[in-house]
Amino acid sequence: MHLLKWLYPGMHFKRWMLVFGAGVMMVSLGLALVFNYKYLDIIEEAIFRAVYLWRGSFDYVITTIVGLVIVVLGLALMLFATRFVIRSVISVLLPDSSEKLVDIIYEKRRLDKGPQVTVIGGGHGLSVLLRGIKQATSNVTAVVTVADDGGSSGRLREELGIIPPGDLRNCLVALADTEPLMEKLFQYRFQSGTELKGHSFGNLFIAAMAEVTGDMEEALKKSSKVLAVKGRVLPASTAHVRLDAVMEDGTLVEGESHIPEVHKHIRRVKLFPERVEPVESALAAIREADVVILGPGSLYTSIMPNLLVDGVAEALKKSRALKIYICNVLTQPGETDGYTASMHARAILDHAGRGAIDYMLVNATPLPYGTAQLLEKEGIEPVAIDEDAVNALGIGVVKADLVNDDDVAHHDPEKLMKSVMKMAYKLHPGIGK
């Protein structure tokens with residue numbers, strides 16, 4: 001009975017199925033004529049009489065030609081009917097994209113064939129990278145820090161006892177393939193109200209989904225369907241953690257949001273508690289990746305917290321993936337003041353161990369003089385590329401134009417994507433073969 005629903009009035013199926021059936025009959029008739037079945041002699045005679053052809057030694061040739069013409073017409077009818085059957089379905093499921101079906105299918109097939117890319121980090125830099133990477137592959141997994149303790153994320157973390165959703169939300173939006181209005185909705189922050197003011201709708205949505213599903217990983221999976229996300233977003237851990245920093249003078253600063261405030265040189269960062277259970281699917285994404293990317297983003301407060309989760313650094317070092325660290329364009333006040341490229345890399349190796357980075361991708365485009373002057377007044381400067389010192393750490397250096405033309409202080413998503421994909425296909429022996 002379920003199949004009979006296709007014949008209900010208003011489905012726009014019956015007419016095209018009849019046309020398709022007529023096409024099948026014509027193809028059958030044409031093939032029969034091509035193979036000159038004896039029981040079709042009457043039809044053959046009628047065909048000859050209709051075109052006033054004499055019978056002779058070319059009977060079979062003529063019959064074959066007529067049969068082939070009928071086959072072609074039948075196939076044309078079948079294709080014509082099939083096209084409208086598909087449009088009848090697509091016009092309901094994708095009313096705004098029915099004319100772009102071929103483009104949609106082609107794009108999905110192309111992205112499905114892309115390399116397996118796992119990115120590790122957090123903050124604004126990670127979402128910038130993801131906006132670019134999703135144009136090259138849908139096989140992308142974002143492993144995101146859960147040490148954020150400021151703003152809306154920090155409030156929800158304390159009030160609901162969940163991992164901070166802010167960076168997770170930004171990654172979901174960055175990988176989304178949905179309407180701009182939905183993106184604006186997820187990023188919208190309430191401007192009034194005692195309890196709601198400052199909260200992001202997306203943060204509240206993820207928090208609610210986590211309570212409904214009872215599991216943050218499942219909540220992110222369901223949220224990904226709402227936003228039509230290309231790829232996956234995973235927390236490095238679902239544990240409630242705090243990021244602390246030990247400064248060069250031996251003082252301890254507790255809490256990710258407080259670390260940049262003290263404006264001291266950081267010796268190392270650590271998690272509290274120190275032993276934190278990882279999300280197993282995040283470890284699997286690192287192990288199975290073709291390319292693993294660290295950054296861009298805050299060195300100590302966005303990248304490092306992921307590497308301190310149990311098993312993450314070990315999985316990274318053992319992975320056969322091409323491991324790329326994308327260095328920041330600028331130093332970050334209170335965190336990487338005066339840092340060169342090699343100092344960024346050394347900090348990662350000190351926390352994760354040798355083998356965590358194969359190549360460093362750095363911006364080689366000088367900032368405009370006026371911009372550099374303004375940034376210098378704020379204690380910010382371009383990261384100096386000391387290539388020899390980076391090479392001495394066993395890390396290769398790849399230079400490229402990575403900055404956004406409209407905002408030269410930040411990376412450009414498309415330029416990042418092109419540079420990373422170029423490195424992947426050139427430097428990883430298994431990709432593209």
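Where is Ala228 found? Ala228 is in the loop between helix H10, residues 216-227, and strand E3, residues 232-235. One reminder before we go on: this is a predicted model. Now look at the backbone there. Phi of Ala228 is near 55°, so a positive value, and Ala228 is not glycine. Most residues other than glycine have a negative phi. How exposed is Ala228? Ala228 counts as partly exposed because its relative accessible area is 37%.

Next, His263. This residue is in the loop between E5 and E6. Phi of His263 is also positive, near 55°. Is His263 buried or exposed? The relative accessibility of His263 is 55%, and the cut-off for exposed is over 50%, so His263 counts as exposed.

While we are on the backbone, let's take the cis peptide bonds. Most peptide bonds are trans. Here is one that is cis: the bond joining Phe272 and Pro273, with omega about -5°. Pro273 sits in the loop between E6 and helix H11, residues 280-287. Here is another: the bond from Gly295 to Pro296 is cis, omega near -5°. Pro296 lies in the loop between strand E7, residues 291-294, and H12.

In what order do its strands run? The order is E5-E4-E6, in an open sheet of 3 strands with antiparallel pairing. The edge strands are E5, residues 252-254, and E6, residues 266-272, and each pairs on one side only. On average, neighbouring strands in this sheet are turned by 25° against each other, ignoring direction. Which helix packs on the sheet? Helix H12, residues 299-307, does, and H12 touches E4 and E6. The direction of H12 makes about 50° with that of E6. Back to the strands. Ala245 has Val253 in E5 as its bridge partner.

Start with strand E1, residues 117-121. How many of its residues are buried? The count is 5 of 5, so E1 is mostly covered, with buried set at under 20% relative accessible area. Val117, Val119 and Gly121 point one way from E1. Thr118 and Ile120 point the other way. E1 is joined by 5 bridges to strand E2, residues 140-144, and the two run parallel. Opposite Val117 stands Val140 in E2.

The other parallel pair is E8 and E9. Strand E8, residues 322-326, is joined to E9 by 3 bridges. What stands opposite Ile324 in E9? Tyr359 does. Strand E9, residues 359-363, is mostly covered too, with 4 of its 5 residues buried.

Leu361 brings up a contact. Ser419, in helix H17, residues 413-427, touches Leu361, Ala400 and Leu402, leaving aside residues up to four places away in sequence. Ser419 counts as buried because its relative accessible area is 15%, and the cut-off is under 20%.

Then Lys134. Where is Lys134 placed? The loop between H5 and E2 holds Lys134. Is Lys134 buried or exposed? Lys134 is at 15% relative accessibility, so this lysine counts as buried. What does Lys134 touch? Leaving aside residues up to four places away in sequence, Lys134 touches Leu111, Ala174, Leu175, Ala176 and Lys230. Lys134 and Asp177 are 43 residues apart in sequence, and their C-alpha atoms are 9.2 Å apart.

Last topic: empty space. Rolling a probe the size of a water molecule over the atoms shows where empty space is left. How much space lies in the second largest pocket? About 410 Å³. It is lined by 19 residues, and the closest to its centre are Gly297, Ser298, Asn328, Gln332 and His410. Which helix gives the largest share of the lining? Helix H5, residues 123-133, does, with 4 residues. By class, the lining of this pocket has 7 nonpolar, 12 polar and no charged residues.

That is the tour. Over to you.

Key:
Residues are numbered from 1 along each chain as its sequence is written. This is a predicted model: local features need pLDDT of at least 70, side-chain atom pairs count only at pLDDT 80 or more; totals for chains, interfaces and linings use all residues. Side-chain values use heavy atoms; hydrogens and water are left out. On a 1 Å grid over the protein atoms alone, a cavity is a set of points where a 1.4 Å probe fits but cannot get out, and a pocket is an open set with protein on both sides within 12 Å along at least five of seven lines; lining residues have an atom within 4 Å of a point. Grid points are joined across faces, edges and corners, and a volume is the space filled by probe spheres set on the points. Ala, Val, Leu, Ile, Met, Phe, Trp, Tyr, Cys and Pro count as nonpolar, Asp, Glu, Lys and Arg as charged, and the others, Gly among them, as polar. Two strands pair if DSSP finds at least two bridges between them. Axes are lines fitted to C-alpha atoms, for helices over the stretch in contact, and angles run from 0 to 180 degrees between N-to-C directions. Contact means heavy atoms within 4.5 Å. Buried means under 20% relative accessible area, exposed over 50%, partly exposed in between (1.4 Å probe, protein chains only).
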